[in-house]
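Please read this report beside the sequence and the model. It moves from the whole chain to single residues.

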Amino acid sequence: MSPKYDITMKNIFSDMADDIMSYFLGLQYTKIDELNIEFARVERRDSDMIFKCTTDKGNVAVHIEFQSENDEKMPYRMLRYSLEIMEKHNLIPYQIVIYIGKDNVNMKNSLNYDFGEQNTLDYRYRIINVGEIKFTEVIKTDYYDLYSLLPLVDKNRRKEEGEKYLERCVEAIKDIPLDINKKKDIAFKAEILSGIVYKREVIEKAFMEVVRMFRIEESETYKMIIEKGMQKGIEKGIEKGIEKGIEKGAQQEKIAIARKLLKEGMDIDKVADITELSKDEVKKLIQH
């Protein structure tokens, strides 16, 4: 994912790590520590999550990679990451790519060759396509952090039901038996991720009521993202693909956030400071 989006992705997915390992991977584990590896020789990828865990087969490094687009080079990247994990921490890597993209998966999950008995390679990792997970399977569980992924799961049902499917996701989030603050964060993450597969106007319509109910602007994730530069293009960026669209969406996102903040009663100077819009631009939003 784009380096500009790494912090945001880290915030969105960090709370899901335990549920992903339990639900998607079926691991019986005890999480010991998060490993901060920047893969300096390859590229900096702060959004990936790597955890040292103890399992019935010993200690492993669970490496979770999130991918929004198909990448034909993914096997080479994953192998390099695997080698760095083994070199730096002397742990067996358990690697998973969580694919959250709109298109069908067409990436390979292996690299292999056989050039004689002492010149072979047989490397594999898991790819989990979120679009193949059923909506009903997720909402039957108590893995509530995974509800943020509901707009991306069940691709066939999503295509059949269109906007109504997104409304169904919002209703499921509203019904989660958790405190209001936790629901705010889950709803906000779901709203962001839904931009991968839905148009902005559809998202705003579906989430309008839940935003009003939860005052999502007060969620901890929202605050972190605002503070760390989220104003640089997430809404339009996600619509065009997380990796390619952030730059194009910068101005639209600033305006969208400014409108929300003005609606909550924030003064013009503060809104201009947060969004990096000029005071005149903010004033025009009030007039329109």
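The sections below cover the overall chain, its salt bridges, some selected residues and a helix pair.

## Basis

This is a predicted model: local features need pLDDT of at least 70, side-chain atom pairs count only at pLDDT 80 or more, and totals for chains, interfaces and linings use all residues. Residues are numbered from 1 along each chain as its sequence is written, and side-chain values use heavy atoms, with hydrogens and water left out.

## Overall chain

The chain has 14 helices and seven strands. Helices (H or I, at least four residues) and strands (E, at least two) are DSSP runs, numbered from the N terminus. Of the 288 residues, 51% are buried. Buried means under 20% relative accessible area, exposed means over 50%, and partly exposed lies in between (1.4 Å probe, protein chains only).

Contact means heavy atoms within 4.5 Å. Among contacts between residues at least 6 apart in sequence, 61% join residues at least 24 apart.

## Salt bridges

The whole structure holds twelve salt bridges. The term means a side-chain nitrogen of Lys or Arg within 4 Å of a carboxyl oxygen of Asp or Glu. One of them joins Glu 65 and Arg 77, at 2.5 Å from N to O. This pair links distant parts of the chain, twelve residues apart: Glu 65 sits in strand S3 (residues 58-67), Arg 77 in helix H3 (residues 74-89). Both Glu 65 and Arg 77 are buried.

Another salt bridge pairs Lys 88 with Glu 84, at 3.2 Å from N to O. Both belong to helix H3 and lie four residues apart, about one turn of the helix. Lys 88 counts as partly exposed because its relative accessibility is 45%. Glu 84 counts as buried because its value is 3%. Shared partners also join Glu 65, Asp 71 and Arg 77 into one network of salt bridges. Asp 122 and Arg 124 form a further bridge, at 3.2 Å from N to O. Asp 122 and Arg 124 are both exposed.

Met 78 lies in helix H3. It counts as buried because its relative accessibility is 0%. Leaving aside neighbours within four places in sequence, Met 78 is in contact with His 63, Glu 65, Gln 95, Ile 96, Val 97, Tyr 123 and Tyr 125. Asn 109 is 31 residues from Met 78 in sequence and 9.0 Å from it in space, C-alpha to C-alpha.

Arg 126 belongs to strand S7 (residues 126-129). It is partly exposed, with a relative accessible area of 33%. Not counting residues up to four places away in sequence, Arg 126 touches Phe 24, Leu 25, Tyr 94, Gln 95, Ile 96 and Val 97. Val 97 and Arg 126 are 29 residues apart in sequence and 6.2 Å apart in space, C-alpha to C-alpha.

## Helix H2 and positive phi

Helix H2 spans residues 17-24, and its buried residues include Ala 17, Asp 19, Ile 20, Met 21 and Phe 24. Just after H2, Gly 26 has a positive phi of about 65°.

Two residues other than glycine also take positive phi. Asn 90 has phi near 55°. It sits in the loop between H3 and strand S4 (92-99). Asn 90 counts as exposed because its relative accessibility is 69%. Asp 154 has a positive phi of about 50°. It sits in the loop between helix H4 (135-139) and helix H5 (155-161). Asp 154 is buried, with a relative accessible area of 5%.

## Helices H13 and H14

Two packed helices are described by the angle between their axes and the distance between the axes. Helix H13 (residues 268-275) and helix H14 (residues 279-287) have axes that come within 9 Å and cross at roughly 115°. Axes are lines fitted to C-alpha atoms, for helices over the stretch in contact, and angles run from 0 to 180 degrees between N-to-C directions.

From H13, Ile 268, Asp 269, Val 271 and Ala 272 meet Lys 279, Val 282, Lys 283 and Ile 286 of H14. By class, this contact has five nonpolar, no polar and three charged residues. Ala, Val, Leu, Ile, Met, Phe, Trp, Tyr, Cys and Pro count as nonpolar, Asp, Glu, Lys and Arg as charged, and the others, Gly among them, as polar.
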